[in-house]
Amino acid sequence: MVVTIPVAHDFICPWCWVGLLQARRLEREFGVSFEWLSYELIPDALEWSTSTPASPPPANKAPTPSRFDLIKAADGVVMPAAERPKQMRTHNAHEAVEYAKTEGVADALVERLYRALWEDGETINDPVVLRRLAAGIVMDLDALDDAIRNRRFEDKIIGFDEDAYASGVYNVPTFFIGGEKYAEQPYVVLRQAVKNALGAPEGTSLYSDLAFPAAPVDRPYTFINMVTTIDGKSVSGTRDESVSDLGSKIDRLLMRRIESAADAIMTGAQTIRATSPAWDPMSPRRIAVTRSGDVPQHAAFFECGESYVAACESAAVEPFGQTQVLRAGRDSLDFPLLLSRLRKEMGVERLLVSGGSELNAELLRLDLVDELFWTVAPKVKLGHGLPTYAGGDPLPREALLRFELMSEQVIGDELFLRYRRRR
């Protein structure tokens with residue numbers, strides 16, 4: 001089960017921009033998730049401060065950093081240079097996030113709103129702007145508009161000062177970790193708090209500093225990561241159901257570390273459909289492979305970073321949103337050509353493939369895979385015709401692909417294996 005950390009926040013607070021970046025680092029390192037609690041720094045009943053600017057320091061006094069300067073330095077944060085709206089309230093933005101929680105996509109919307117405000121200077125409290133920013137994340141935009149217009153979630157938005165103080169929140173962001181509150185803290189403090197809360201399970205340093213050989217000149221260095229049952233099945237339910245319960249929280253943590261080590265992640269469209277619509281890989285480039293052209297366009301997979309759909313020339317697929325189409329092959333996808341384009345035209349040196357079974361099989365059949373990461377979950381599925389680590393047509397005995405074991409680690413009841421192609 002993924003550990004969820006509540007965070008009290010407000011979009012207009014510069015500390016909370018840093019808090020978003022800290023949350024993403026914790027997510028990458030520990031596989032935790034976040035519940036964004038809506039706290040409104042300047043609710044309608046509170047007037048904007050008109051405090052007098054402080055007097056300038058004496059000319060001969062050395063500059064003294066503020067607490068905010070110190071936390072930026074400690075975390076290596078450079079604040080975006082965008083010109084942001086002055087004296088903007090945030091109630092509507094919080095209403096939008098509270099509605100997004102009903103669709104299970106609040107985390108993706110929070111990220112988009114923060115970046116829209118701090119990186120692009122957008123007025124994220126404007127309902128028209130909110131609708132535009134929510135497109136592609138929220139499914140029912142009319143319901144979102146209705147929630148904002150009628151303040152449907154007003155009782156869930158905590159205002160400063162009295163209500164916030166009564167809830168124990170005096171500053172934002174406040175992270176609730178292991179029964180304790182951490183407000184305006186550097187990453188090193190939050191990191192230790194999460195380690196303590198998780199009990200620092202053995203093996204959590206695994207894959208934390210992955211290194212790979214140099215990429216070939218004509219394609220990326222390519223590795224697959226999958227979790228299967230003991231009997232080799234890569235699903236826990238049917239093909240169309242989520243597999244989020246197949247591996248443990250440690251497996252999901254290690255998955256994100258492997259994602260972070262890749263320049264791009266490639267996966268089948270069916271795999272995207274079988275994961276949470278909020279799945280946002282750590283790799284900066286995302287490539288969905290499709291034969292039919294049927295891809296889940298509203299998935300977070302396509303909303304952050306650079307996203308692409310890879311298809312053959314005859315496939316009925318067109319660009320959508322910010323997603324581009326990569327064509328390779330006339331009537332079927334030409335994987336050697338596709339990987340060559342990724343390497344030579346896009347500079348991808350390390351490519352992670354995350355299934356499904358048929359995509360893995362095609363790349364293995366063409367001998368385009370350099371490494372295999374495999375988590376063996378302590379479960380047995382059974383069943384005929386279910387997907388495995390790799391499906392496809394069988395190779396003849398003389399053409400078996402041989403790999404050498406690079407590492408093995410048992411954590412709890414799971415086995416984590418890493419193999420490298422023996423050439």
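A: Let us start inside this predicted model, with two residues, Arg 256 and Glu 27, both of which are buried. Their side chains meet in a salt bridge, with 3.6 Å from N to O.

Q: Why does the pair of Arg 256 and Glu 27 tie together parts that are apart in sequence?
A: One looks at where each partner sits: Arg 256 belongs to helix α9 and Glu 27 to helix α1 (residues 14-30), so the pair joins parts that lie 229 residues apart in sequence.

Q: How is a buried charge without a salt bridge to be read, and which side chain of opposite charge is nearest to Asp 75?
A: A salt bridge is counted when the nitrogen and oxygen atoms come within 4 Å. Asp 75, which is placed in helix α2 (residues 67-75), is buried yet has no salt bridge, since the nearest side chain of opposite charge, that of Arg 25, is 4.6 Å away. The side chain of Asp 75 does reach the backbone nitrogen of Tyr 187, at 3.0 Å. Apart from neighbours within four places in sequence, Asp 75 is in contact with Val 18, Gln 22, Arg 25, Pro 186 and Tyr 187.

Q: Turning to the sheets, in what order do the five strands of the open sheet lie?
A: Strands of a sheet pair through backbone hydrogen bonds, and they do so either parallel or antiparallel. In this sheet the order is β3-β2-β1-β4-β5, and the pairing is mixed. Its edge strands, each pairing on one side only, are β3 (158-159) and β5 (180-183). Strand β2 (residues 33-40) pairs with β3 in the parallel sense over two bridges, and Tyr 39 stands opposite Ile 158 in β3. Helix α3 (residues 91-103) packs on this sheet, where it touches β1 (4-9) and β2, and its direction makes about 145° with that of β2.

Q: How many strands form the other open sheet, and in what order?
A: There are nine strands, in the order β10-β9-β8-β7-β11-β6-β12-β14-β13, again with mixed pairing. The edges are β10 (324-327) and β13 (403-411), each of which pairs on one side only. Neighbouring strands here are turned by 20° against each other on average, direction ignored. Among the strands that helix α9 (residues 249-260) lies across is β14, to which the helix runs at about 25°, while helix α12 (residues 357-365) runs at about 115° to β7.

Q: In which sense do β12 and β14 pair, parallel or antiparallel?
A: Strand β12 (residues 371-376) and strand β14 (residues 414-421) pair in the antiparallel sense over six bridges, and Phe 416 in β14 is the bridge partner of Thr 375. Side chains link these strands as well: Arg 418 in strand β14 and Glu 371 in strand β12, 47 residues apart, meet in a salt bridge at 2.6 Å, N to O. Arg 418 counts as buried at 10% relative accessibility, and Glu 371 counts as buried at 0%.

Notes. Residues are numbered from 1 along each chain as its sequence is written. This is a predicted model: local features need pLDDT of at least 70, side-chain atom pairs count only at pLDDT 80 or more; totals for chains, interfaces and linings use all residues. Side-chain values use heavy atoms; hydrogens and water are left out. Two strands pair if DSSP finds at least two bridges between them. Helices (H or I, at least four residues) and strands (E, at least two) are DSSP runs, numbered from the N terminus. Contact means heavy atoms within 4.5 Å. Axes are lines fitted to C-alpha atoms, for helices over the stretch in contact, and angles run from 0 to 180 degrees between N-to-C directions. Buried means under 20% relative accessible area, exposed over 50%, partly exposed in between (1.4 Å probe, protein chains only). Lys and Arg count as positive and Asp and Glu as negative; His and the chain ends are not counted. A polar contact is a pair of N or O atoms within 3.5 Å; within protein, one must be able to donate a hydrogen and the other to accept it, and residues adjacent in sequence count only if both atoms are side-chain atoms.
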